[in-house]
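User: I would like to learn how to read pockets, helix faces and backbone angles in a model. Can we go through them one at a time?

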Amino acid sequence: MKFDVSLALTFDLIPLLKKHFGFAAFRPHQREIVEDTLSGRDVFAVLPTGGGKSLCYQLPALARPGLTVVVSPLIALMKDQVDALTAAGIPATFLNSSLASGESRPRLRGLHAGEYRLLYVAPERLMLSGFLEDLKRWRVSLFAIDEAHCISEWGHDFRPEYRQLASLRTEFEAVPMMALTATATERVRADIVRQLHLREPRVYIASFNRPNLNYRVSAKSGAFEQVCAFLRSRSREAGIIYVQSRKSAESLAAKLRLEGVPAAAYHAGLEAAERSRNQEAFLRDEVRVVCATIAFGMGINKPNVRFVIHYDLPKNVEGYYQETGRAGRDGLPSDCLLLFSPGDVQKYLQFIDEKPDPGEQAIAREQLRQMVHYAESSVCRRVELLRYFGETYENVGCGACDNCLSPRATYDGTVDAQKLLSCVFRIRQHSGFSVGIQHVVDVLRGGETERIRRWGHEKLSTYGIGRDRDKATWAAVARELVRLGYLRQTPGQFSSLELTPDGMTVLRQRGRIMLTRPVTAPPVTRPKVGDIGCDEVLFDRLRELRRQLAGKLGVPPYIVFGDVSLKQMARYYPQNDEEFLRINGVGDRKRAEFGPAFLEAIQDHLQKNPRQMFAEDAFGGG
C-alpha cells in the first residue's frame, strides 16, 4: 500500500496529536518520521528510551486507513500500550499467549471487521502461516518492528525468532516497514537494515543524551546497606534494582520488605501469574521497588521511575544504557546508580568461558571490557556513553554525573606504573609471549602459582616488587594504563597485556604518569535538569486523586496522567476546560473523562491555600 507524499506533507498533524495524545508539539524527529511513514517510505529510527518512539507509528495509524501491526518482543509492552491507547480513545488490541481462546476470538472478529487501527503481536505469532494469511485480509498499512536490535547478533538482546521477520518483505512487498530501537551502535544499525531488507530507508538517529538522568558509579562495599541508604533518601519514589541472578532478585526483595520497603521480585523463573502480579503492582504504585533480572523493563511504559540501581555489573554498555533509560521517561530528574566491584568482572568472565561458541565468547568479552572501561573511567559519564554510540558530547562537564559533580582525586602513579609496565616487558622478554592481567599481578605480588613456576617467572627482577598492593589495586592500575594507551589488551579467550609504543617510551624515559583513584561512594547531588517547580501540597493531592481514579478503572495511575501533567496542574492551577487542555498530556478524551475531578480538586485547594508563583519555563511535546 503506497501513499502520496503530498498527502503526508500537507496533512495537519498537530490537531490529531493534541486531540488523541494531548501534546501541542513534536519531539525531535517525530514529525519527519511520521511524514515519511505516511508517504510509504521505509524508516529506521533510533530514539532513546523516553524519546517518543511509540508515537511514530501510533499517529500514522490514526491519519490513514488500514491496520498498523506492531511487532513487540514482550507481552508486558503490548498490554501496557493497548491500555494507554484505549484510555485515549484509540481502537487497539493485542494477541499473545497470555490470552485464553475465549479472549482471542472477539479480538479476531474485530480485526476481521476492521474495528482496530493498531495490533500488537509477538514475532513468533506473526510468522505463523495461517496468521500471515489473516494479515493479508486485514489491509495492513504498516509494519512497525519495535526493539529492532533483537534481530542482530551484535545487539545486546538478540532473539532468534526476530530473524523470521526478514520474510515480511516477500509476503508484503508493498507495505512500508518501520524499525525502531533505543540502543544500537553503527554495526548493529547496519545489521538491522540488512536483516529486515529495508528499502533505502530514511534513517533518523536522535541524540542518546538523557539530560535529566544523573549517572553515578560507586564502589560496591556492603551493597545492601548502600541500597538501603539510597532508598531512605527517596522514601516516596519508585525504581528498579537490577541484579545478576534470579536468586538475588528474590532474596534482595525479601530483605527490603523486612526493612519496610514495598518490594517485589521479577525474573523469568517465576510463574507467569506471579510475574504478572508483581509487574502490575509496580505499575499501579502498590510496590515501590522491583528487584529484577534483565527480563524486566523492556517496553514498560511507567514514566515515573525515579531511579535505577545496578546491584551487579551489567554485561554490556548497550544493556546498561537501555536499563538506565527506564528511569525518568517523563523528563523529570532521576538517578542511575551502578555498584561496581572487580569481583563481578571475574564472575562474568567465568560465565563467558562456559559459552560453547568461540564467536559468542569473543563478542561477550569485548562487550564486558567496554563496560568495565565505563565503570572505571574518570571522564564525564555522558562523554563515555555518547562516545560509545558514536556521538560527541560538546559541553565541558555535564553537571549530572559523579565524575563531574565529585571528580576523583588524581595522584602521581609513576612508581606503580613503572613497576607494572616493567613487569609486562620482563615477562615478554623472558618468555617470548605475553600474559593476561591476572598473571602479571601474581608476578608483581610474588605469587607462588603453578604457571609462575612452570615459566620461571619467579626469577624475574620484577617478581614480588608489588607486594605492598592488593590484587584489586594492581588490576585497576593495569586497566587504567590500558585506557591511557600505555598498554594494549589483546582480544580472545586468553587476552594478554602488551606494551604500546607510548608505553615503551614512557617506560624507557621514566616519564611521569598521573593515575586516578578508584571509584568510591561520593555524596549524592541530584540534577535539576528537567525539573518542574510546583505546589508540592497540591501535587500530592492530585497524585492521590489519580490513584483513586486509576483504581476504579483498574489501570496503572500513569494511564490517567503522568507526573509531568500533574506537576503542570500544580504549577499553573487551570480553572476551566480551555486552560486544562493546555496541560501537557491532556487530550479531548482525558479532558472529558478526568477534567471535572481534577479541576474541582484544584479549585478546592485554592480556597484553602494561597496560589504560589513560579518562574516561567517551557514544556516539551510528545
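This is a predicted model: local features need pLDDT of at least 70, side-chain atom pairs count only at pLDDT 80 or more; totals for chains, interfaces and linings use all residues.

User: What is the volume of the second largest pocket?

Analyst: A pocket is an open set of points on a 1 Å grid over the protein atoms alone, where a 1.4 Å probe fits, with protein on both sides within 12 Å along at least five of seven lines. Its volume is the space filled by probe spheres set on the points, which are joined across faces, edges and corners. Here the second largest pocket has a volume of about 1,400 Å³.

User: Which residues lie nearest the centre of the second largest pocket?

Analyst: Lining residues have an atom within 4 Å of a point. There are 47 of them in this pocket, and Q346, L349, I437, Q489 and S495 lie nearest its centre. By class, the lining has 20 nonpolar, 15 polar and 12 charged residues. Nonpolar covers Ala, Val, Leu, Ile, Met, Phe, Trp, Tyr, Cys and Pro; charged covers Asp, Glu, Lys and Arg; the others, Gly among them, are polar.

User: Which helix gives the most to the lining of the second largest pocket?

Analyst: Helices (H or I, at least four residues) and strands (E, at least two) are DSSP runs, numbered from the N terminus. α16 gives the most, with 10 residues. Helices that each supply at least two residues include α15 (342–353), α16 (358–376) and α22 (471–483).

User: Which residues of α15 are buried?

Analyst: Buried means under 20% relative accessible area, exposed over 50%, and partly exposed in between (1.4 Å probe, protein chains only). In α15, D344, V345, Y348 and I352 are buried. They fall within an arc of 105° seen down the axis of α15, so they line one face of the helix. The arc is that of the directions from the helix axis to the C-beta atoms. These buried residues pack against β13 (334–340) and α16. Contact means heavy atoms within 4.5 Å.

User: How does the span of α15 compare with the expected one?

Analyst: The expected span is 1.5 Å times one less than the number of residues. α15 has 12 residues and reaches 17 Å from its first C-alpha to its last, close to the 16 Å expected.

User: In α23, which residues are buried, and which are exposed?

Analyst: In α23 (residues 501–509), G503, M504, V506 and L507 are buried. Their arc down the axis of α23 is within 170°, so they line one face of the helix. On the other side, P501, D502, R508 and Q509 are exposed. The buried residues of α23 pack against α19 (414–431) and β16 (497–499).

User: Which residue just after α23 takes a positive phi?

Analyst: Most residues other than glycine have a negative phi. Just after α23, R510 takes a positive phi of about 55°. H29, not a glycine, has a positive phi of about 75°. H29 is in the loop between α2 (13–21) and α3 (30–38). At 24% relative accessibility, H29 counts as partly exposed. R139 is not a glycine either, and has a positive phi of about 55°. R139 sits in the loop between α8 (129–137) and β5 (140–145).

User: Is N278 buried or exposed?

Analyst: N278 counts as buried, at 16% relative accessibility. N278 is found in helix α13 (residues 272–283). N278 touches A264, A265 and L270, not counting residues up to four places away in sequence.

How values were computed. Residues are numbered from 1 along each chain as its sequence is written. Side-chain values use heavy atoms; hydrogens and water are left out.
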